[in-house]
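Q: I'm new to protein structures and would like a close look at one part, the nonpolar core. Could you walk me through it and show how it sits in the whole chain?

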Amino acid sequence: MGRVAAGLLALSALVALAAAAQPAMPATARQTDSGDCPGRWDESIFPPWQHGTNNDAVDRGLEFTVPDADVLADFHGDPANPLLVLYVGGNYFFAMAPLVDTFERRQPQYRARLFWETIPPGLLVRQIQAGGRVTVGNMTWTARPDAYLAGLEAVQTQIDAGLLEGPAVPYVTNTLTIMVPRDNPAHVAGLTDLGKPGIRLAMPDPEFEGVARQIRASLEKAGGPALVQAVYGTKVRDGTTRLTRIHHRQTPLWLMQCRVEAGMTWRSEALFQEQIGHAIGHVDIPDTLNVSGVYAGAVVRGAPHVQAAKDWLDFLRSPEALAILERYGFKPYVPATH
């Protein structure tokens, strides 16, 4: 087992132990949850946040989306007879609408025939293992994937496991940030502040979300194992760290609902929230303490539409696709030279 994998496994074990011992939320958090919060019940703060643009279906029939009650924010398009099915790590869900639109303009044979999911990479792997079948609420459907897109290490792991066909295709990089409410009420100034007992956090659960690997490394750079233990151990047990299952939706929502005061995410996610006008800001992490992630994709073994998957992977490295991703702070992947 590699050092990174061993570290993530240790972190998962730490979180599991902390979660098992986690009591009810402390009084201060319960009071905040039940108190007034500007805009807390405003439907505009609930996902989906792109007003239908992240949907490749042309004929949508009955429109029935009720924020905070009945919404499938991370499933896009029509799963019936698609020509390309993409399983995409959710941390750039917001870039998919312009990417798909540009892809379809370049290759009109795919117009309105894409279906894509943007849930955490670990959950997407489980869905692949389940033959593409998934249940959300009372709805169950099957959408067998053609391409899987996540962090480079996660993609390579699944190639080695035989779930994907190599080679991995890397295309962009990203860095971490601390997402906060726009007015930053807890006055978070850096990573070490996240270990303070009074600051309530939303943090990705390492069991489901690959970004926890980079977050752990960044926390360790800033405060050593003690900071990792504080954020993912002590504060999970006392309820001041709330673990997400889908951080790209839950972290900004909980911040806008005043349930938490900070959370670590990819920088691109904070920039998107700011660009659409939500009351979200971010605290930059210095390069010396930050950790980069490389985004990559690969064809799924046994994919129904292999050529379509290859067309998508080729497109992601095109100037048009990279320009879209750069709007949100991504940088083109440049292979290391020796």
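A: Of the 338 residues in this protein chain, 52% count as buried. Keep in mind as we go that this is a predicted model. The chain folds into 10 helices and 13 strands. Look next at contacts between residues at least 6 apart in sequence: 79% of them join residues at least 24 apart.

In soluble globular proteins, nonpolar side chains tend to be buried together. Here, the largest nonpolar core has 94 residues, and the members that touch the most others are Tyr92, Leu99, Leu219 and Trp312. Strand β7, residues 164-181, gives this core its largest share, with nine residues.

Let's zoom in on Leu99.

For a contrast, turn to the surface. The protein chain exposes about 15100 Å², and carbon and sulfur atoms supply 54% of that area. One nonpolar patch on the surface is formed by Leu62, Phe64 and Val66, with about 330 Å² of accessible area together. You can find Val66 in the loop between α2 (27-34) and β1 (75-77). Val66 counts as partly exposed because its relative accessible area is 31%, while buried would mean under 20%.

Methods
Residues numbered from 1 in each chain as written. Predicted model: local features only at pLDDT ≥ 70, side-chain atom pairs only at ≥ 80, totals over all residues. Heavy atoms only, no water. Helix = DSSP H or I, 4+ residues; strand = E, 2+ residues; numbered from the N terminus. Buried < 20%, exposed > 50% of the residue type's maximum accessible area, 1.4 Å probe, protein only. Contact = heavy atoms within 4.5 Å. Areas by Shrake-Rupley, 256 points an atom, 1.4 Å probe, with all protein chains shown as cover. Patch = residues over 30% accessible without salt bridge, like charges linked within 9 Å, V, L, I, M, F, W, Y side chains within 5 Å. Salt bridge = Lys/Arg side-chain N within 4 Å of Asp/Glu carboxyl O. Core = buried A, V, L, I, M, F, W, Y, C linked by side-chain atoms within 4.5 Å.
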